[in-house]
Amino acid sequence: MIGLGVKKGNKKKKQHRHGSVTTIKSLPKDLLVEIFAKVATTSISDLCKVKQCCKEFLHAAEEDYVYRQASMENFALVPLTWFTKEKESVFLGRCKKSGNSEITYREGMVEYFTHSNVKLGLKNLRKAALEGHHHEAKYAYCMILMNGEDRKEGLELFCSLKASTCVRRCRGRVKSFVRNMWVNNKPVLSNCRLSLCASSTCDGKRLKKISRTWSSSEDENAESIEISCECCSVDYELALFGSMFGV
C-alpha cells in the first residue's frame, strides 16, 4: 500500500512537471512582437537585453513593428545626419526604414522650420500625426494648419488633442525640440499674430497678448486658464506656439 502511495505521488509530480505550464517562450511570435514593441516604447536598453535572452526573443524583437514603436526619448533632438556612433546610426536607420513616427516627426520639424522645405516638412508631420498617431506631431501639424494652411482640419485635430487632455504635454515637448533646433523659417508663422475671433470684448485677445511675454516656467498657468470662446482658445494656443519661435 505504501508503495502504491509513492507511485501515485510521483505521478502527480510528473503531471505537474510536464503539464500545461506556460512560459513566455511558448507564446506565439505575434504576441511576443506586441510585448517587445511595448518594451521598445519605454526602454531601448531593456529591448537590447531582451534580444540577448534567446534566439526566439531576438527574432521577435527584430520585427519592423518593434522598431516602428521604439522611443526616441533618449536620443538627441538633432537631425539624424548628426549621429556619429555606428551602433546608434544603424539602430536609428532601421527605425526610420520601419516607419518610426518619432523620426518622421523630427525630420518634418527640421525640414519645415530649419531647411524651409515647407512641402516635405508638412508631408512628414502629417504622416507622423495621422498615420503614426504621434501627439507632438499632431500638435505641431494642427498649429501650422490653423496658422493658414487648412484651419478647419487644424481645428478638428486641435479639438481631438484637447479631448485627450495632452495639449500641455505636447506643447512642452515641442518647445523642447524647438530649443535644440536652428529655426530659419519664421515667416510661415506670421499669421500667429492674427485673430480668429471677431469680438472686440473677448478676454481671449487680452490673454493672447499676455502669452507672448510668458516664460517657459509659467506654462502651467496657460493650461489652467479657461477660455469659453473656441476661436479665442485657438488664438491663445497659436500665440503660445508662435512664441516658441520668437514670433
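Modeller: Start with Arg94 and Asp64, whose side chains form a salt bridge at 2.9 Å, N to O. Arg94 belongs to helix H6 (residues 86-97) and Asp64 to helix H5 (residues 64-69), so this pair ties together parts 30 residues apart in sequence. Keep in mind that the model is predicted.

Now accessibility. Arg94 is partly exposed, at 24% relative accessible area. Asp64 is partly exposed too, with a value of 39%. By the rule used here, the count of salt bridges is 10.

Next, Glu153 and Arg126. Their closest N and O atoms are 2.8 Å apart, in a salt bridge. Glu153 is in helix H10 (residues 151-163) and Arg126 is in helix H8, so the pair ties together parts 27 residues apart in sequence. Arg126 is partly exposed, with a relative accessible area of 37%.

Then Glu237 and Arg171. This salt bridge has its closest N and O atoms 2.8 Å apart. The pair links distant parts of the chain, with Glu237 in helix H14 (residues 230-244) and Arg171 in helix H11 (residues 167-179), 66 residues apart. Buried means under 20% relative accessible area. Glu237, at 5%, therefore counts as buried. Arg171 is buried as well, because its relative accessible area is 2%.

Notes:
Residues numbered from 1 in each chain as written. Predicted model: local features only at pLDDT ≥ 70, side-chain atom pairs only at ≥ 80, totals over all residues. Heavy atoms only, no water. Salt bridge = Lys/Arg side-chain N within 4 Å of Asp/Glu carboxyl O. Helix = DSSP H or I, 4+ residues; strand = E, 2+ residues; numbered from the N terminus. Buried < 20%, exposed > 50% of the residue type's maximum accessible area, 1.4 Å probe, protein only.
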